[in-house]
Amino acid sequence: METKPNTITINNIEVAIEGERNLLEVIRKAGIDLPTFCYHSELSIYGACRLCLVEVVGRGVTAACSTAPRAGMVIKTETAQLRNMRKINIELLLANHKRECPSCARSNNCNLQDIARRLGVSEIRYKQTEKTLPIDDSSDSIVRDPNKCVLCGDCVRVCSEVQSVGAIDFAFRGAKARVAPAFDKNLNEVECVNCGQCAAVCPTGAIVPKPDYDKVWAALNDPEKVVIAQIAPAVRVALGEYFGCKIGENVEGQMISALKLMGFDYVYDTCFSADMTIFEEATELLERIQNGGKLPMFTSCCPAWVKFAEIYYPELLPNLSSTRSPQQIFGAVARQTLPAKLGIKPENLVIVSIMPCVAKKFEAKLDKFKRDGRPDVDYVVSTVGLAQMIKSMGINMMQLPQESFDMPLGFSTGGGVIFGATGGVMEAALRYAVEKLEGKPLEKVDFKEVRGMASLREATYNVSGKEVKVAVVHTLSAARKLIEKIKAGEADYQFVEVMSCPGGCIAGGGQPINTTPGFRQQRASGLYSADKTRRLQKSQDNFLVAQCYEENYGGKPGSHEAHEALHTRYQNRGQIFDARQNVLCGSAEKKLPICVTICTQQQDCNGQELLVGLVGFVKQNGLAEKVDIDATFSSRPQKEGTIGITIGDLVLDMEDYSIETLGQAIKEGIAAL
Amino acid sequence: MQESMEKTTAMIEHFAAVNRILEKHNFSAAKLIPILQETQDVYKCLSKEVISYVATSIGVPPAKVYGVATFYAHFSLEPKGKHIIRLCDGTACHVKKSHGILNALRSHLKLADGKSTTEDFAFTVETVSCLGACGLAPVMVIDGEVHGQVQPEQAVALVEEITRNDAAEQQ
C-alpha cells in the first residue's frame, strides 16, 4: 500500500498531519487519548512522565509528546511492550507517592488515580518510599504537599512560562529531587503571587487550594451569627461542572438555593460591587485623562496582578487604579451598611466570599483591608471549596428550585457580570467612560474588540474627538511583555486591563480543574450570555449602586467618603529577594522594620552613609531597641525601581531624604506600632 | 552592633567582586553556570546572599538558581575547607576498599556524621563517583593532586603532612 502524502498511520488507520506540533496531538486527534501527566498544550514540552510512549516502526519506542510527526510514519500505540512499560512507570510513580487517596483533596479528580485505574494497575510491585517532607501551608492560597508530587514539572512551567514568576523550581537531583521555592523557603516568603495556576495544572494532590470551609461551617452553625455570602461572577458558570452540567452553564439560581439550604442568611452578588468598582475606577480614569494624571492606568481587580506589580514593577504602582477590587468593595460596603439595614450587631455579621480565585484568600487577609483588627471579608471559599461544601451536605444542587439574590447588594448589570472574563472589566469601564465622555446615552454597549482569548487585545476609540487607546492582557507573562513595551516607549495606552489567569477569573486557581480544549471560551460565553439577559447592561445604570452612593458615599463616585472606604494603597515588595544583612536588631516585642538598599553598581550610592546615619540616629534617640535595621544589596540602580529605604510600610526614594526627615518618619512609625 | 556594620562593609566589598564576575559575563542569564563557578572560586561556597544577588542581577528567579546550585555536586551551599580531599568511590575503587580510606580519614579528622568539613575549616572530605583513573584504584585527589593505590595509613599520613605544613606556614 502506498502512503498518501502528509499522513501517518496510527494503529492501521491513516491520519492527516495538519500542523500538529507532535505525535501526541495527531494521536489524540485520531481519538486515542494517550495518558500523560506532564503534557499541557499551553506549556512547553517536557517529556518527563513517559506515559505517552508509542512505537514508531523502524525507530522503536519513543515519547509521542516530544516526537515531531513526519509523513509516512507508522505508529503503534498499544503493543504488549508499551502496555507493560506504561504500567511499570505508573507503578514507580505510585511507589513514590504518598497514597492517602480517600482523604486527599483531589480524590476522584486526580490524574494519577485516573490513569492507574485506566491502565488496570492492581498491585504495586515496588517498595513504598518513605518520604516525609514537610507540608507547606504557609501560603494563604494554596497547600503544597511535596510527598504527593510526581515531579511532572507542570507547576514549575506554568509559574515560569505562563506567569513569568518562577517562584518554584526543581531543586536537588536524583532521589532527592523535589519542587521547591528558593532556598526551600515557605511559599509565603517568596515571590509567589498566589494565582493558584500551579494547583490548576497539578495532576495530583501535591498542590491544592487552601480549604477554608471548616471556619465557614462553624460560623453557619453559630446561632448568634448572621452569615452572608457574596458570589463572584465566574463561579456561576463553572460550579455546575461538578454537578454534571455542561461547561459554561449558568447555575446562579440553584447555587443561591444551595447556599440558603446550607444556612447562609443572605446571599448577595459580587457583580453589585463590580458595578460599583466601575463607578469608582472609570471615574478615576476620566479624572486621570482630564487632569493629566498618571497614565496608562492599570486595573486593580486582580490581587495576583497587584502583587506581581508590587514585586516586579514597584515604579508602576502609582499607575495602578487605587480602586479596591470588587471583593473588597463588597466587604467595605457590607460592613458599613448591612448591620443597620438588617438590624444586627456589627460583630455578628460574618462575610463569606465565594471566589473562583485563590489569590482572593490572600487579599482578604491583608492588613489594609482590616478595620479594628477585623477583616472586611471574613472567609474566602473557592468554587471548588463551595462544591465540596454542597456535596458534603448531600445537596442535590441541580434539583433545587432557582432562587434570586437578596437585595440591595444582589442587584447588578451586565457590566458587573462580565468582570469574570478577560476583557470584561475593560468593556464595563468603556461602557461607562465612553458614555460619560460623549455626554449622551451609549447606543452600542458591546465592545467586541476587547473580548476573546488572544493574549493581547488592543483597541482605539474615538470618543468625541478624543482618542482613547486601551489594551487587555491576560496571564502575567503577557502583562510583563506589555509593560516592557510601554517602558521602552513602544506602546502607549490610557487604560490597561490585566488579569493573571489565562482567560480571566473563569479559569482561576479556585475553579474546577478542566482540561477540555476550549473550556475557557465556553465559561466566558456563559458570562456574556448572562450579560445579554440582564435587564441593564451598563454599570452606571445600576440604580441601587447609585442609591448606595447617595446614602453612604457622598452621593457620587470619587467623593471624599468613597475615597476613604473604596480605595486602597499598594505596598512595594521590590526588596523581596535582595541579599540582606541585619545591622541592628532591637529586643522590643513590636519593632519597626527599616531597610536600606545599597546599590553596589552605582558609584555614588549613598546607602551606606544613610545606614550609618540612621543607626547613629536611633541610638542617640534611645530607639535602638524598637527597630530592626537591615541592609539589602542590589546591582539594579534606583532608576529601575529599586527602592532606597523602607520604614515600616513607607517607601522612600533615597536621594531626597536627610537623616532628620527619615528620623521623623521613624519616630512616627514607632509611635504607630 | 559594631560587628554587623563591619559585616555590611565586607558584604559591599564581596558584591563588588561579584559585580566584576557579572560584568565579565555581561549579566547574561545564559552564563549562569560560569558565573556561579567563578563566584564559588572566590568564596569557597555559594551563600544564600550570593545566590539571591546573582539571581536578581541577571534576572533569573532565585528558585531556578537555587535549583542549579543544588543540582550540581560541584556547587556547595555550605562553606568548604581550605583543603579539599576527593575520594573516589566508583566501582573499581569501591572493590579496592575505598571505604577503609574514607573511614580512616573521617575518624582522623573527627568528622561527625553527616559533616564533610572539619570544624576549623581546614579539610573537606568528599566522595566522587569516578575519577576516571580506575587503573590506579583506590584513588584520592587532594587539592588537585592525584594519589593512586592509596592505603588508609598513607592517606592519613598525607593529611598529617598538610597539617604540619600549614602550622609551619602560620609560624
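Chain B has a secondary structure of seven helices and four strands. Along the sequence these elements follow the pattern α-α-α-α-β-α-α-β-β-β-α. Please keep in mind that this is a predicted model.

**Chain B as a whole**

- The C-alpha atoms of chain B fill a box of roughly 45 × 40 × 30 Å along the principal axes.
- Chain B has 171 residues, and 30% of them count as buried.
- Take the contacts in chain B between residues at least 6 apart in sequence: 62% of these join residues at least 24 apart.

**Where chain B meets chain A**

- On the chain B side, 26 residues are in contact with 31 residues of chain A.
- Three helices of chain B, α1 (2–24), α3 (48–58) and α4 (62–71), each supply at least two residues of the side that touches chain A.
- Which helix gives the largest share of that side? It is α1(B), with 10 residues.
- By residue type, the side of chain B that touches chain A divides into 14 nonpolar, eight polar and four charged residues.
- One place to look is α3(B), which lies across β20 and β22 of chain A and runs at about 130° to β20(A).

**Helix α6 of chain B**

- Helix α6 of chain B covers residues 98–108, and its buried residues are S98(B), I101(B), L102(B) and L105(B).
- Why do these buried residues line one face of the helix? Seen down the axis of α6(B), they fall within an arc of 100°, so they share one face.
- After α6(B) comes K110(B), which has a positive phi, near 55°.

**A five-stranded sheet in chain A**

- Five strands of chain A form an open sheet with mixed pairing, in the order β20-β22-β21-β23-β24.
- Its edge strands are β20 (579–585) and β24 (650–652) of chain A, each of which pairs on one side only.
- From one strand to the next, the twist averages 15°.
- Within the sheet, β21 (residues 592–599) and β23 (residues 645–647) of chain A pair in the antiparallel sense over three bridges.
- In this region V596(A) stands opposite I645(A) in β23(A).
- Helix α19 (residues 607–620) of chain A packs on the sheet and touches β20, β21, β22 (627–634) and β23 of chain A. The direction of α19 makes about 155° with that of β21(A).

**Backbone details in the loops**

- The peptide bond from M407(A) to P408(A) is cis, with omega near 0°. P408(A) sits in the loop between α12 (383–392) and α13 (414–417) of chain A.
- In chain B, the peptide bond from A137(B) to P138(B) is cis, with omega near -10°. You will find P138(B) in the loop between β2 and β3 of chain B.
- F172(A) is not a glycine, yet has a positive phi of about 60°. F172(A) belongs to the loop between β7 (168–171) and β8 (178–181) of chain A. With 15 other C-beta atoms within 10 Å, F172(A) is partly exposed.
- D372(A) is not a glycine either, and has a positive phi of about 50°. The loop that holds D372(A) runs between β14 (370–371) and β15 (374–375) of chain A. Is D372(A) buried or exposed? D372(A) is exposed, because it has 6 other C-beta atoms within 10 Å.
- P441(A) is in the loop between α14 (424–438) and β17 (456–463) of chain A. P441(A) is exposed, with 8 other C-beta atoms within 10 Å. The C-alpha atoms of P441(A) and R431(A), 10 residues apart along the chain, are 9.8 Å from each other.

Methods
Residues numbered from 1 in each chain as written. Chains lettered and ligands numbered in written order. Predicted model: local features only at pLDDT ≥ 70, side-chain atom pairs only at ≥ 80, totals over all residues. Contact = placed C-beta atoms within 7 Å. Nonpolar A, V, L, I, M, F, W, Y, C, P; charged D, E, K, R; others polar. Buried ≥ 20, exposed ≤ 12 C-beta atoms within 10 Å, placed from the backbone. Arc of directions from axis to C-beta. Pairing = 2+ DSSP bridges. Axes fitted to C-alpha atoms, helices over the stretch in contact; angles between N-to-C directions.
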